[in-house]
Amino acid sequence: MQEIGDSTYEEMHMIETPCVKICRIDAQTGFCIGCARTMAEIAGWRDASEEERKRIVAALPARRERLREPQAERRAAPTPS
């Protein structure tokens, strides 16, 4: 792997965390109200591949929309397959 300063090339190109330091899980959707990730995604973020991070980040806009829905209209997060 190519070294660049104190970081590897791979580390420098990894997607940064979407965390916005508002950490509270919405009980109905299972998403964090700050970053819209699931608990499993948050816990596994450090070890996730760049491809997995891209998949998660791509899902965030739709999840944020669900979090904006009135509470009565929210539905549970689908189970990942």
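I began with R55 and E52, which are three residues apart in helix 3 and so separated by about one helical turn; helices here are DSSP runs of H or I with at least four residues, numbered from the N terminus. The side chains of R55 and E52 meet in a salt bridge at 2.6 Å, N to O, where the term stands for a side-chain nitrogen of Lys or Arg within 4 Å of a carboxyl oxygen of Asp or Glu.

I noted that this is a predicted model, in which local features need pLDDT of at least 70 and side-chain atom pairs count only at pLDDT 80 or more, while totals for chains, interfaces and linings use all residues. Residues are numbered from 1 along each chain as its sequence is written, and side-chain values use heavy atoms, with hydrogens and water left out.

I then checked accessibility, taking buried as under 20% relative accessible area, exposed as over 50% and partly exposed as in between, with a 1.4 Å probe and protein chains only. E41 is buried at 10%, whereas R55 is partly exposed at 42% and E52 is partly exposed at 31%.

I also looked at D47 and R46, whose side chains form a salt bridge at 3.6 Å, N to O; D47 is exposed at 60%, and R46 is exposed at 68%.

Finally, I recorded a count of five salt bridges, and a network of them that links E41, E52, R55 and R63.

Methods
Helices (H or I, at least four residues) and strands (E, at least two) are DSSP runs, numbered from the N terminus.
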